[in-house]
Amino acid sequence: MSSSHSPHTVGEAVSDAATPDKPANDAAPATPTEPTDPAPRWAGTWPLSFPKHTTPSAAAKTTSDDADRSHREDSEPEAADGPLTKPETTSTTPDAETPALTSPATLHEARSKLRQMINAAIEGQPTPLTRGPHHALLTTPAHATELGWDLAQATTHSFADARKKIGDLIQYGAEGHPQVLCRHKTPVAVLLPAAADGTPTPPAPQAEPAPDTAAAAATAAPDPTTTLSEGQQAAQNPLPPTAAAETEAEAARDLAPAPTTSPAEAAVAPATPSEPQPEPAPVAQGTPAPANTPPASPSTPTPQHPVVPLPTPPSAPTPATPGIGYVTAIPASGPPAITAPRTPRRLAALAQALDTVLPTTAPTGETTTPTPLMGLPTGIRALDDALGGLQPGRFYLVAAAPGAGSSLIATTAARTSALDQHQPVLYAASGLTRADIAARIVAAHLPVDYRRLRAGRLTPTEQDDAAALHQHLAQAPLYIDDGTDLTTDAIAESVPDLPGLALIAVDRLQATEDPRLPLSGPAQIADAAQALAHLARTHELPVLAAVDTDDPHLIAALSLDITITLTRDADQIHATITERDLGPQTTLTLHADLAHARITDPTPYASPTPAPQTPPPDLTPTQPAPTAHSAAPSRPSPRRPAAPPPPEGGYANRDYSYFTGMITRAVDEALHDHDGDITAATEALVKKAVPNAMALFEATRVGGNYEHTVYPETLEFLRKKTKDGADEIWEGRHNWTNTHLMDALQSGTHPPITVNALDTNASFLSAFKTHLPIGALIHEPNGGFDPKRSGIYSLPTRPTWHHPHLPDPIGNRREDGPVLLDDATIRLLIRCARLGLCEAPHITECWTSGTSEGLLEKFRRVLTEAREKAIKADDTVTVEFIKAMYSKFTSTIGESSVNREIRRPDWMHIIRSQAFANLWYKSHRAHSNGLTVVRVRGTDEIHVAGDWRTVFTEGRLTTQMKQKDQYPLPRKSAR
């Protein structure tokens, strides 16, 4: 027999139900199981660079959507156990006039409209619901109390739980067990038994504990053998005779006949061991039982609630209009105020509370071994030691400015729990996609370069490693919800769909309000944080959420138990753990491994020697993947020899050998192409300096949290007026001479001096450490200075300078009217004002963007390390190549046709002005230490009189100075 074509969701019991063209007695019995919820919000597949597998949840959603669409188009009858039929509805025409009060047609529709139905009930519009032969009415607790129902011992359900079990709840409510629906523990609706027309059934009178209990029950129960009039039969069964017969046949299949028992005997007869035992309190005592009761069957799953016989409807119900359920009149003034059913408070003895704080110990001879962690590991051992892991029932907020690592903390914790601990994790991604999350997890777990992974430029070996890792990752119980409509209610609704859920990670709450993202904006963040904290407590789950702000006022206003505030300094992250009632507890230093999109301990934890991070491990299906605590693979790949440990003494103890290797290979290729000719190889490398510098810059930006704007709209004052001309930005270029000293020397009032001409090494390279705007510049007409922003500033007049023994911070230009200064010059003026040398700059308007001092930091460190190695090896080719790279990078990122990969004239001005500012700082340092500053020129030249080696270190490194010349003053005139 073919199954019915009625729409259904995956997991619903689809039976050969009776249809108009199929006799009822040929239909197979319907399986009395609850249809499962349609596809959940989350998805558990890995979409990035791996084959996509169709998940059961996705198939369920597709089948459910197709089924619902088929139902709307064809209006075919539903399967007996799957749908919710409209009581008293005889018309199935889709174009029929919509009644004033309708009930959902399917369980799927009931789930989706449950909130609206509850709101309608609160407003005085109860909704009748039917599942097969079971009829219930969704109304308010006040209405139920008016009808005489006692809800003190009624079963309560949360909104999310009720959506999942709506079919069962209808059946339990119809069987005389009121089902109370709560919103944040407040009863708001209840499912009561009802007649087929939607009329609520009042509770049966309580049976007196007297000898004539059975007789009273028999008197109260209508005789099922009583012959009803045609009007009564029509009222109780408005279906056509054929449909009525089919319904009766279906009911007969669901309720198998049992030994005949009178209603009175059934009311007082003790339950046999094979029958489900009813709960004593919620059962409507004295309610007559039908003559037929279903026998217990070993193959039938035991329901969560006792199976109570269906109450017999009244013998003469009021006829109802087809399609319109019965609505009980509620006074216009509103339902009378009632006290919510009191449930005993959940009290815990101190012994139980101690178990959540003090780790249990297991005796091992003379010593005891403590339990490792009280909660889930985060994947960062320093953080685990401070927190004790992520503990159930606690909400952890990780707060940091954009790019400081809060999102990576959430990813690391989720990855560790799902992949290493094999615990189910719900990853709620707001503003991120599942591809973003998958890429970060793959890059961190393999590990592999994040930027090359996203760009699809993995090496063949890395592709093999990724393919081997795919099976391990695909089995991880990590479920991602990246819906654009993600809310805290949606997160809570997904919790019951994930049995054994161990962690909820929310990435991220956004401080800047976005109408397309519900979890954005200060007000929404405050509400979401409180809701997530409530979710953690009610479900006894650790919930970790990232928020992209470190605003202390906003964080304090949230008033959360535990806050982890991150601040980033290049590759270091400082994490401050604060408890609401106790204040800051500790500050940790973590390592931002942005190349692999992860945050780790600053060094391999409790290990004196760092393990190699490259090459990536050779993972096979039988080999476990490296855990989050391991900074490197446990064994090298068999396809290639193990790489040596990173050289000690690298720049800031970081291993940049991969990037410096790019420079070495370029030099080797140039020497090879020119047969070892140093001059020819150097010239060839200088010509290729721009593309090579851009390639190295892009490589160092892999894994960076800031995605800088490459081609923002160029503002008018940043455009060159002519091809060889300049724009309107005033850089602090120096061409200064100590005129007071020179006049004194010429007049003989100052004794002759010996001047040392010093040169700053790699001045532009050092200037890469500066505050650069990340995005496009935004106009602020009110001016002002924000240290977290960078850009161009307008001053009404040129600042005045009254210190003849020091150079002017903004150079030698003398022009009237407003001036446009970049960020580096403004910060220098602010520094001079703090030193008491001038007034603070008065900024009337500005054009700025969020800033970071780390945009070029890794690029600078790589070039610095390579340059130092080349100097030690006396490798002049590499030294000249590196010099060409950083100098041409600076000069071509503006409006040069040589470099078309980036167009940031604001960056160019800020870098050059930073070089001028660094030279001013050196001249101020020399003057403060007793040297006489004679001249300051360009970005790297300073002339001083005195023992300069007591102030500066001599050498060729970027932090050192070298002497280019020495001459006397006054110079002897030529005769």
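Is Arg827 counted as buried or exposed, and at what relative accessibility? Arg827 counts as buried, at 19% relative accessibility; the cut-off for buried is under 20%. Keep in mind that this is a predicted model.

Staying with that residue: Arg827 sits in helix H25, residues 823-834. A polar atom of the Arg827 side chain lies 3.0 Å from the backbone oxygen of Pro787. Beyond its neighbours within four places in sequence, Arg827 is in contact with His771, Phe785, Pro787, Arg789, Thr851 and Tyr921.

Next, the aromatic residues. The structure holds eleven aromatic pairs. One of them joins Trp920 and Tyr921 edge-to-face, with 6.0 Å centre to centre and 80° between the planes. Trp920 is buried, at 0% relative accessible area, while Tyr921 is partly exposed, at 27%. Elsewhere on the list, ring pairs link Phe697, Phe768, Phe859 and Phe889 into a cluster.

Now the sheet. Five strands form an open, antiparallel sheet, in the order E17-E24-E25-E18-E26. On average, neighbouring strands are turned by 25° against each other, direction ignored.

E17 pairs with E24, residues 932-938, in the antiparallel sense over four bridges, and Thr737 stands opposite Arg935 in E24. Two helices to mention here. H28, residues 905-928, packs on the sheet and touches E17, E18, E24, E25 and E26; its direction makes about 170° with that of E24. H23, residues 739-747, lies across E17, E18, E24 and E26, running at about 125° to E24.

Notes:
Residues are numbered from 1 along each chain as its sequence is written. This is a predicted model: local features need pLDDT of at least 70, side-chain atom pairs count only at pLDDT 80 or more; totals for chains, interfaces and linings use all residues. Side-chain values use heavy atoms; hydrogens and water are left out. Rings of Phe, Tyr and Trp (its six-membered ring) pair if their centres lie within 6.5 Å; planes under 30 degrees apart count as stacked, over 60 as edge-to-face and the rest as tilted. Buried means under 20% relative accessible area, exposed over 50%, partly exposed in between (1.4 Å probe, protein chains only). A polar contact is a pair of N or O atoms within 3.5 Å; within protein, one must be able to donate a hydrogen and the other to accept it, and residues adjacent in sequence count only if both atoms are side-chain atoms. Contact means heavy atoms within 4.5 Å. Two strands pair if DSSP finds at least two bridges between them. Axes are lines fitted to C-alpha atoms, for helices over the stretch in contact, and angles run from 0 to 180 degrees between N-to-C directions.
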